[in-house]
Amino acid sequence: SALTAVCRLYPEKAGATLVELFLSLDESNSAQAQWILTTLASIAPHLTRLLDRQLQKAPDDSLPRLLELIDLIMDEQMAPGLESLLDHKDYAIRSMAVRALGHLRCGKSADRLGQILLDRSWIMGKKMKSLQMDAARALAEIGTEEAAELLARTAREGSGDLQALCSELLQ
């Protein structure tokens, strides 16, 4: 369409407008949302700086949709911004950031994901265990030697479901 062509001619300006529009939508499965996502995917290489700025200033309620966009463009340059969310107070946001880091396959993030995986807190709730499982899967997606070493260490020294998952992921 003509609108898509204009978006490709002016990707930074179009991207800024479309990101704001996407974040303000009530329904992320609507035809409009799908068109926005498709158009953003077509101009993805031009969105890294814009999404990084959005990530730094986004209110908490916008973070899930913003993480969806970051996951869509799959640019390793987004890894530092995603890593900053690994300490977020909301475990759901942390979990989305962990999964997005896995999808990016950024080897530089293995160390930070390993910290989550190897956390041996005295108080380990269900949310933290789930986050560790997500970190293990993300490390398997990253697939570097360092990531494999972290999984192997947890497969040897970990306990319960996490140990079993790490063993399985190394197969």
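Is Arg105 buried, partly exposed or exposed, and at what relative accessibility? Arg105 counts as partly exposed, because its relative accessibility is 48%; buried here means under 20% relative accessible area, exposed means over 50%, and partly exposed is in between (1.4 Å probe, protein chains only).

A note before the views: this is a predicted model, where local features need pLDDT of at least 70, side-chain atom pairs count only at pLDDT 80 or more, and totals for chains, interfaces and linings use all residues. Residues are numbered from 1 along each chain as its sequence is written, and side-chain values use heavy atoms, with hydrogens and water left out.

**View 1. The whole chain, built from eleven helices and zero strands.** Helices (H or I, at least four residues) and strands (E, at least two) are DSSP runs, numbered from the N terminus. Of the 171 residues, 45% count as buried. The C-alpha trace spans about 55 × 30 × 25 Å along its principal axes. Take the contacts (heavy atoms within 4.5 Å) with a separation of 6 or more: 62% of them join residues 24 or more positions apart.

**View 2. Helix H3 and its buried side.** Ala33, Ile36, Leu37, Thr39 and Leu40 are the buried residues here. They cover an arc of only 165° around the axis, so they sit on the same side of H3; the arc is that of the directions from the helix axis to the C-beta atoms. These buried residues pack against helix H1 (2-9), helix H2 (11-24) and helix H5 (63-73). Turned away from them is the face with exposed Ala31 and Thr38. As for length, the twelve residues of H3 (residues 31-42) should span 16 Å at 1.5 Å a residue, and the end C-alpha atoms are 17 Å apart, which agrees. That expected span is 1.5 Å times one less than the number of residues.

**View 3. Met96 in helix H7.** Met96 is partly exposed, with a relative accessible area of 23%. Leaving out residues up to four places away in sequence, Met96 touches Pro64 and Leu67. Asp71 is 25 residues from Met96 in sequence, yet the two are 9.2 Å apart in space, C-alpha to C-alpha.

**View 4. Helix H11 and its packing.** Leu162, Leu165 and Cys166 are the buried residues of H11. Seen down the axis, they fall within an arc of 100°, so they line one face of the helix. Their packing partners are H8, H9 and helix H10 (145-157).

**View 5. The largest pocket, with about 290 Å³ of space.** A pocket, on a 1 Å grid over the protein atoms alone, is an open set of points where a 1.4 Å probe fits, with protein on both sides within 12 Å along at least five of seven lines; lining residues have an atom within 4 Å of a point. Grid points are joined across faces, edges and corners, and the volume is the space filled by probe spheres set on them. Of the 13 lining residues, Met124, Lys129, Gln132, Ser159 and Leu162 lie nearest the centre. Helix H9 (126-142) and helix H11 (160-170) each supply at least two lining residues.
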